[in-house]
Amino acid sequence: MKNEYNEIFMQRAIELSQIAYKTGKGLPIGCVIVKDNKIIGEGHNEIFSRNNPTAHGEMVAIENACKNLGDLALTDCAIYTTLEPCPMCLGAIYWAKLNVIYFANSNEMASKIGFNDNFIFDEIKLQPEKRKIPMFKKEDRKAIKILTDWKSNEIPSSQPW
């Protein structure tokens, strides 16, 4: 398999997780992205320093790797993270087209010490209007027209598969 596990990269992710919380920038989660056995992007949780709930380690590392490669697609890349990705980060990993995820701590284990993303996975399974934050479709012809106009320009989307 391309991008076989390499302990060196997980150790770097662990170092980044320590930096995240010891500097007060975020929660103890670190992440690196590897291509051709080289780190092309890295990051750690920065939710406090950025005042941004989406600044998870994986999100920061994906942003960094895409910038370094000059591409939205991180095809043939591996991601090493210290915690099993939350739904937001998992979605971003799919959108970025990474080919393998290595994580040190499972969501189940992390939930025992206070990190618990299971409620979001559970919410996703519900009908949109039944969620804690309900969602309602309000169709609008102008919004549909924008999508059809975009499609007529034949601009490729970044659909993952």
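In the predicted model, helix α3 (residues 57–69) packs with helix α4 (residues 87–96) at an angle of about 20 degrees, and the two axes are 9 Å apart. Because angles under 35 degrees count as roughly parallel, α3 is classed as roughly parallel to α4. The crossing of the two helices, α3 and α4, is left-handed. On the α3 side the contact is formed by Glu58, Met59 and Ile62, and on the α4 side by Met88, Cys89, Ala92, Ile93 and Ala96. By residue class, the contact of α3 with α4 comprises seven nonpolar residues, one charged residue and no polar residue.

Within α4, the buried residues are Pro87, Cys89, Ala92, Ile93 and Ala96. An α-helix has 3.6 residues a turn, so residues three or four places apart point the same way. The partners against which the buried residues of α4 pack are α3, β3, β4 (100–105) and α6 (118–125). Lysine 97 follows α4 and has a positive phi, near 65 degrees.

Strand β3 spans residues 77–83 and includes threonine 82. Threonine 82 has a relative accessibility of 5% and therefore counts as buried, the cut-off being under 20%. A polar atom of the threonine 82 side chain lies 3.1 Å from the backbone nitrogen of glycine 30. When neighbours within four places in sequence are left aside, the residues in contact with threonine 82 are Ala13, Ile14, Ser17, Pro28, Ile29, Gly30, Ala104 and Asn105.

Key: Residues numbered from 1 in each chain as written. Predicted model: local features only at pLDDT ≥ 70, side-chain atom pairs only at ≥ 80, totals over all residues. Heavy atoms only, no water. Helix = DSSP H or I, 4+ residues; strand = E, 2+ residues; numbered from the N terminus. Buried < 20%, exposed > 50% of the residue type's maximum accessible area, 1.4 Å probe, protein only. Polar contact = N/O pair within 3.5 Å; in protein donor to acceptor, adjacent residues only side chain to side chain. Contact = heavy atoms within 4.5 Å. Axes fitted to C-alpha atoms, helices over the stretch in contact; angles between N-to-C directions. Parallel < 35°, antiparallel > 145°, perpendicular 65-115°, else oblique. Left-handed = near helix turned anticlockwise from the far one by under 90°. Nonpolar A, V, L, I, M, F, W, Y, C, P; charged D, E, K, R; others polar.
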